[in-house]
Amino acid sequence: MSEQCNQSCNTCQEACSERKEEKPDFSAAPHELSHIKKVIGVISGKGGVGKSLVTSMLAVSMNREGHRTAILDADLTGPSIPKMFGIKEKAQANEIGLFPVKSKTGIEIMSINLLLENDTDPVIWRGPLIAGTVKQFWTDVIWQDIDYMFIDMPPGTGDVPLTVFQSIKVDGIVIVTSPRSWSR
Ligand SMILES: Nc1ncnc2c1ncn2[C@@H]1O[C@H](COP(=O)(O)OP(=O)(O)OP(=O)(O)O)[C@@H](O)[C@H]1O
Ligand SMILES: [Mg+2]
């Protein structure tokens, strides 16, 4: 142990044998009224490969099997989930939190499209604001009694997937790939 040890390894440069690596914890607790059993992220390396379709199909299948199912649409600049389910209404909120909108068959959905006045309004926000909003979809939305939540991600490894994986304890991921659509 260093003679100047102040028990704070994070701010110390010494390579001593007593060194303890303290990993920062970015995890975020869901809303206190939420009960979510399993969270599955749906990701891909490139765009347009079918993530939103796979997310929706997985949710529909699990819902048909009788599980209470939710979709968190984390693709803020290309939200397609409400459209896929034909949802026109907007999400409601009160002083306690935000309420997801139910699809016709009962899948609970939260998406930026359910909060914008106009569905077609562009979301031109910088990374931290986008990632912060996705985090709020986890912390401020009241997800009551969900067996399976599927998170539809934007493509790649940008701010949103990093924030989701740092702040939400996901139980599994589905990686969607597709062959490129042209040939020589
Ligand atoms: N297996 C498939 N076969 C044929 N077409 C498909 C398949 N999966 C998705 N598509 C079509 O490809 C297009 C893109 O699909 P989708 O929106 O699900 O991709 P995405 O990965 O979510 O895209 P983005 O990265 O923009 O969010 C849609 O028009 C969809 O209907
Ligand atoms: Mg998509």
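Mentor: The secondary structure of the protein chain comprises 4 helices and 8 strands, where helices (H or I, at least four residues) and strands (E, at least two) are DSSP runs numbered from the N terminus. Along the sequence the pattern reads β-α-β-α-β-β-β-β-α-β-α-β. This is a predicted model, in which local features need pLDDT of at least 70 and side-chain atom pairs count only at pLDDT 80 or more, while totals for chains, interfaces and linings use all residues. Residues are numbered from 1 along each chain as its sequence is written, chains are lettered from A and ligands numbered from 1 in the order in which they are written, and side-chain values use heavy atoms, with hydrogens and water left out.

The C-alpha trace of the protein chain spans about 65 × 55 × 35 Å along its principal axes. Of its 184 residues, 40% count as buried, that is, under 20% relative accessible area with a 1.4 Å probe, protein chains only. Contact means heavy atoms within 4.5 Å; among contacts between residues at least 6 apart in sequence, 74% join residues at least 24 apart.

The part to examine is phenylalanine 150, which lies in strand β7 (residues 146-152). Phenylalanine 150 counts as buried because its relative accessibility is 4%. Leaving aside residues up to four places away in sequence, phenylalanine 150 touches Ile40, Thr55, Leu58, Ala59, Met62, Thr69, Ala70, Ile71 and Leu72. One of these, threonine 55, is 95 residues from phenylalanine 150 in sequence, yet their C-alpha atoms are 6.3 Å apart in space.

Definitions and conventions. Buried means under 20% relative accessible area, exposed over 50%, partly exposed in between (1.4 Å probe, protein chains only).
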